[in-house]
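Please read these notes with the structure open. They take up the fold, the pockets and the charged pairs in turn.

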Amino acid sequence: MKQFSTGLALFLTLLSVMGCPPASQSQKKMKPLFRINAVLDTGKEPSFLVTDDFDIDGNLDLVVLNSGEHTMSVYKGKGDGSFKDQVQYKTGADPICLAVADFNSDGFKDIAELNYQDQDIQIFLNTARGGFRNTGKVIKPGKIPINLIAGDFNEDGYPDLAVSLRFHKIAILFGKGTGGFKDPVAISVKGQPTGLVVGDYNHDKHVDVAVALAGSGHVGVEILWGDGKGQFEKSKVFKGGGQPLTIANVDANNDGFMDLVTSSNSLHAMTMLMNNRDKTFKTLQDFSAGEFPKFVAAEDFTGDGIVDLAISNSTHDTVSVTLGRGDGTFVYPPIKHFVDEYPQGLVAGDFNKDGRMDIAVSNRDKNLLTVMLKKNTAQPRQFVPKPASS
């Protein structure tokens with residue numbers, strides 16, 4: 001593991017795509033918000049990344065999937081922004097996604113791991129010491145699984161799983177509370193499902209599922225409104241960007257209702273869907289945050305009480321941070337931070353316990369994990385006329 005004690009000057013010219021203001025409205029570049037603190041060796045082709053305190057020692061840990069060698073790397077956090085060396089676990093073939101929850105009701109967070117080539121899910125139970133053991137049980141959610149997320153959909157106190165399947169379906173697997181799951185229940189959706197996220201979007205105290213839809217047919221976002229009994233009401237498809245692949249929750253206007261943001265790497269664009277608080281969403285104009293955006297983390301990175309977005313930009317080898325205005329729109333241009341080649345998985349957390357949000361990102365082509373700590377510098381807000389909504 002390599003440690004860095006000084007900040008790097010990290011900027012990249014933004015590709016002009018739809019949603020960008022004209023040159024006359026461009027603002028001068030702002031100083032980087034983060035400095036690289038650690039670079040961790042991973043397995044081959046690290047991709048999906050999660051963070052949590054798995055050993056309950058008060059320090060955030062990291063887990064990344066190594067898609068090129070069918071393994072999972074676990075890093076225990078030291079609480080100062082650095083991490084212990086990786087411990088690897090064998091996964092199925094072509095691991096692509098992770099979900100974190102306490103699947104066996106022992107008070108420790110476990111991991112559900114999705115394998116694209118094997119078309120199955122494996123469960124890694126926490127050993128209560130920060131390590132994991134594979135239950136050895138292979139779960140088959142359906143044909144060609146793409147993504148998965150955890151949530152208690154039938155309100156029995158046990159986390160369940162939702163899995164997006166290529167052929168216009170979402171599979172729901174109800175947890176037994178022992179680390180096992182019941183047979184999948186398929187729900188049809190109106191397009192090709194990709195990214196998934198859960199939340200109570202209509203404030204009825206039941207967990208809903210937001211589904212990004214790409215591919216042929218309907219493109220956008222569909223909501224599965226949960227009733228707390230494991231059943232779902234389907235929404236219409238809300239416009240949500242061109243070919244959205246990832247989706248994240250963000251309360252972009254601080255009204256207490258969760259909004260949604262999608263990334264569409266084919267159009268190099270981000271799209272905000274504002275919650276109308278009546279089970280509908282208003283789609284704002286696409287905006288740019290970098291080239292080939294992949295994963296998104298929504299947090300208040302400046303400490304001003306307004307949520308910002310951090311995005312991994314795969315083909316420009318950057319992580320960009322676009323500052324929120326508090327009305328659903330974001331400041332242009334975003335603040336660019338250079339990382340290593342082909343950044344993919346991205347998470348935010350306070351890795352050094354200083355009260356400020358930090359970022360970790362996986363770099364696929366160099367087999368590295370980059371940890372960036374928030375710099376203790378104030379960042380002035382700069383006004384840019386917000387784009388018209390579509």
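1. A residue is called buried under 20% relative accessible area, exposed over 50%, and partly exposed in between (1.4 Å probe, protein chains only). This is a predicted model, in which local features need pLDDT of at least 70 and side-chain atom pairs count only at pLDDT 80 or more, while totals for chains, interfaces and linings use all residues. Residues are numbered from 1 along each chain as its sequence is written, and side-chain values use heavy atoms, with hydrogens and water left out.

2. The chain has zero helices and 29 strands; helices (H or I, at least four residues) and strands (E, at least two) are DSSP runs, numbered from the N terminus. Of its 390 residues, 58% are buried. Where contacts (heavy atoms within 4.5 Å) join residues at least 6 apart in sequence, 47% of them are between residues at least 24 apart. The accessible surface, by the Shrake-Rupley method with a 1.4 Å probe, is about 15100 Å², and carbon and sulfur atoms account for 51% of that surface.

3. The largest pocket holds about 850 Å³ of space. It is lined by 30 residues, and Phe48, Leu49, Val50, Ile149 and Val296 are the closest to its centre. A pocket is an open set of points on a 1 Å grid over the protein atoms alone, where a 1.4 Å probe fits, with protein on both sides within 12 Å along at least five of seven lines; lining residues have an atom within 4 Å of a point. Its volume is the space filled by probe spheres set on the points, which are joined across faces, edges and corners.

4. Which strands supply at least two residues each to the lining of the largest pocket? They are E3 (46-52), E7 (95-101), E11 (145-151), E15 (192-199), E19 (246-250), E23 (293-299) and E27 (343-349). By residue type, this lining has 22 nonpolar, six polar and two charged members. Here Ala, Val, Leu, Ile, Met, Phe, Trp, Tyr, Cys and Pro count as nonpolar, Asp, Glu, Lys and Arg as charged, and the others, Gly among them, as polar.

5. The second largest pocket has a volume of about 590 Å³. Its lining has 22 residues, with Ile96, Ile146, Leu245, Lys294 and Phe295 nearest the centre. Two or more lining residues come from each of E3, E7, E11, E15 and E23, and E23 gives the most, three residues. Eight residues of this lining are nonpolar, nine polar and five charged.

6. There are seven salt bridges in the structure, each a side-chain nitrogen of Lys or Arg within 4 Å of a carboxyl oxygen of Asp or Glu. In one of them, Asp52 pairs with Lys109, with the closest N and O atoms 3.1 Å apart. Asp52 is in strand E3 and Lys109 in the loop between E7 and strand E8 (110-115), so the pair ties together parts 57 residues apart in sequence. Asp52 is buried, at 18% relative accessible area, whereas Lys109 is partly exposed at 32%.

7. Glu233 and Lys279 form another salt bridge, at 3.0 Å between the closest N and O atoms. This pair links distant parts of the chain, 46 residues apart: Glu233 is in strand E18 (residues 232-238), and Lys279 is in the loop between strand E21 (269-275) and strand E22 (281-283). Glu233 is partly exposed, with a relative accessible area of 45%, and Lys279 is partly exposed at 30%.

8. Arg364 and Asp365 also meet in a salt bridge, 2.9 Å from N to O.
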